[in-house]
Amino acid sequence: MKERTTCQIAHIADGQPSHRLLASGTICILSFLALLPVIMGGREELQAVIEGNGHFTKKLYNVLAQKEGNVFFSPISAHAVLAMAYQGSKGTTHEAFGKVLGFSGHLQAAEGYSDVLSHLNNVPNVQLLMANKIFVAEDASLKPTFQEITAKKFLSEVQPVNFGNNNATAKLINGWVEDKTQNKIKDLISPDSLNSATRLVLVNAIYFKGTWASKFDKSLTVTDKFYLNDVDSIDVQMMNNKGKYFFKEDEALDAKVLELPYSNPEVSLIVILPNKRNGIAQLEEKLANTDLSKITENMYKPEVVVKLPKFKIEATIQMNEVLEKVGLGVIFSQGEANFSDMLTGSEPLYVSEVIQKAFIEVNEEGTEAAAATGAVFQMRCLPFVHEFTADHPFILALVATQENIDMVLFSGRVMTIPQ
């Protein structure tokens, strides 16, 4: 039996630049993510990150799933970059961050992410990177406390830029993102999102690439049907494998759950497949009231015949509205946002937009994923063989486990296979 505690990941974006008052400035928060294995430790701060990210993920998924089609995001990428912005907030803005992100204070968030980053960037047998960076206006300066905590705890570099030269600065930021995600996330931020009123851009990047512990034989990949509903189907490239995998029939969810491990066994892809071809909506309703940290409990390791489609999904999520719905509307308010612990001077700041792009590719070799999130601040076991045939919509989560602590790094649903 396996027991896990899970958290997930997200991508955020939204908002068109608005007209700004002379004394106001904007902050841009960007985060990009790739499949990411995480974490270890038993510290209270680390546990706060894991639990907070788990609740945050569920909230984001519930909002994102209201739209039709595929869903793919990195909750941890968004959670991390927002936790960095949390360090410069005060008053009701600070309280809103704490409530939504799941922290009792910004120092708890900083210490927790210090642990996350130190272990995240040292996971063996996979390619894994998580990085942060702050781009600040040349005519502005960070408060010493904010700069110190983001540098020491979030390992964030600081680079002065000229936001008035928006094309060159957007190219610089996007180039950093491309480099950190192995060119999987491109054009994260538009030049139109930047102007002379932009004061900061906060960026988080996560990249993951891992090979399966048991690779799918390419010669066994065949053209097969993927059912969009009870009637309609499309042709897809269906991978085939057979081996011993952690698996269970979950009667409460009316679904099968399968765990596909990578070459580092602490990192795996969880696939939740409803028993009915048109059962994805009912599955999501049940998962909304399910503790995701227990989704892999009571799994056994029988022989399983696995059929899983090859797929590649790219997503751009405009998330200002999403964050407003989960309780962070105050950060976008010119009149209410309080980021007075970020910059020296008295210019008021607010977040003009939060943007996330995400990418995942699953094939015979393994999985590659990336995501970016950014925000702009402006002034103001059974004896027989089981079958797991993912030939209709399913939910997936990329998780990492170490010392009995799990995090869901990516989450989403596959409704169709892009052709």
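Contact here means heavy atoms within 4.5 Å. The model is a predicted one, where local features need pLDDT of at least 70 and side-chain atom pairs count only at pLDDT 80 or more, while totals for chains, interfaces and linings use all residues. Residues are numbered from 1 along each chain as its sequence is written, and side-chain values rest on heavy atoms, with hydrogens and water left out. Helices (H or I, at least four residues) and strands (E, at least two) are DSSP runs, numbered from the N terminus.

With that in place, we can start with the helices. Two packed helices are described by the angle between their axes and the distance between the axes. The axes are lines fitted to C-alpha atoms, for helices over the stretch in contact, and the angles run from 0 to 180 degrees between N-to-C directions. Helix H2 (residues 75-86) packs against helix H4 (residues 106-120) at about 130 degrees, the two axes being 9 Å apart. That makes H2 oblique to H4; angles under 35 degrees count as roughly parallel, over 145 as roughly antiparallel, 65 to 115 as roughly perpendicular and the rest as oblique. The crossing of H2 past H4 is left-handed, a label used if the near helix is turned anticlockwise from the far one by less than a right angle, with right-handed for clockwise. On the H2 side, Ile76, His79, Ala80, Ala83 and Tyr86 do the touching, and they meet His106, Ala109 and Tyr113 of H4. Sorted by class, this contact of H2 with H4 has six nonpolar, two polar and no charged residues. For that sorting, Ala, Val, Leu, Ile, Met, Phe, Trp, Tyr, Cys and Pro count as nonpolar, Asp, Glu, Lys and Arg as charged, and the others, Gly among them, as polar.

H4 also packs with helix H1 (residues 44-64): their axes come within 7 Å and cross at roughly 90 degrees. H1 and H4 are therefore roughly perpendicular to each other. H1 brings Glu44, Glu45, Leu46, Ala48 and Val49 to this contact, and H4 brings Gln108, Ala109, Glu111, Gly112, Tyr113, Asp115 and Val116. The contact of H1 with H4 splits into six nonpolar, two polar and four charged residues.

Two leucines in loops come next. Leu194 lies in the loop between helix H6 (166-180) and strand E5 (198-211). With a relative accessible area of 2%, Leu194 is buried, where buried means under 20%, exposed over 50% and partly exposed in between (1.4 Å probe, protein chains only). Leaving out neighbours within four places in sequence, Leu194 is in contact with Phe163, Asn166, Thr169, Ala170, Ile173, Ile189 and Val201. Phe377 is 183 residues from Leu194 in sequence, yet their C-alpha atoms are 9.7 Å apart in space. Leu155 sits in the loop between helix H5 (144-152) and strand E4 (156-161), and at 48% relative accessibility it counts as partly exposed. Not counting residues up to four places away in sequence, Leu155 touches Leu117, Asn132 and Thr150. Between Leu155 and Ala131, 24 residues apart along the chain, the C-alpha separation is 7.2 Å.

On to the strands, two of which pair if DSSP finds at least two bridges between them. Strand E9 (residues 255-261) is mostly covered, with six of its seven residues buried. Five bridges tie E9 to strand E8 (residues 246-250) in an antiparallel arrangement, and Lys248 has Val257 of E9 as its bridge partner. The hairpin of E8 and E9 has four residues between the strands, and there Asp254 takes a positive phi near 55 degrees. E9 also pairs with strand E10 (residues 267-274), antiparallel over seven bridges, with Val257 opposite Ile272 of E10. The hairpin formed by E9 and E10 has five residues between the strands.

Elsewhere, an open sheet of four strands runs in the order E6-E7-E11-E15, with mixed pairing. Strand E6 (222-227) and strand E15 (386-389) are at the edges with a single partner strand each, so one side of each is left without a neighbour in the sheet. From one strand to the next, the twist averages 35 degrees. E6 pairs with strand E7 (residues 233-244) in the antiparallel sense over six bridges, and Phe226 has Ile234 of E7 as its bridge partner.

Finally, strand E12 (residues 311-318) has a covered face made of Phe311, Ile313, Ala315 and Ile317, while Lys312, Glu314, Thr316 and Gln318 make up the uncovered one. Eight bridges pair E12 with strand E13 (residues 349-362) in the antiparallel sense, and Ile317 stands opposite Gln356 of E13.
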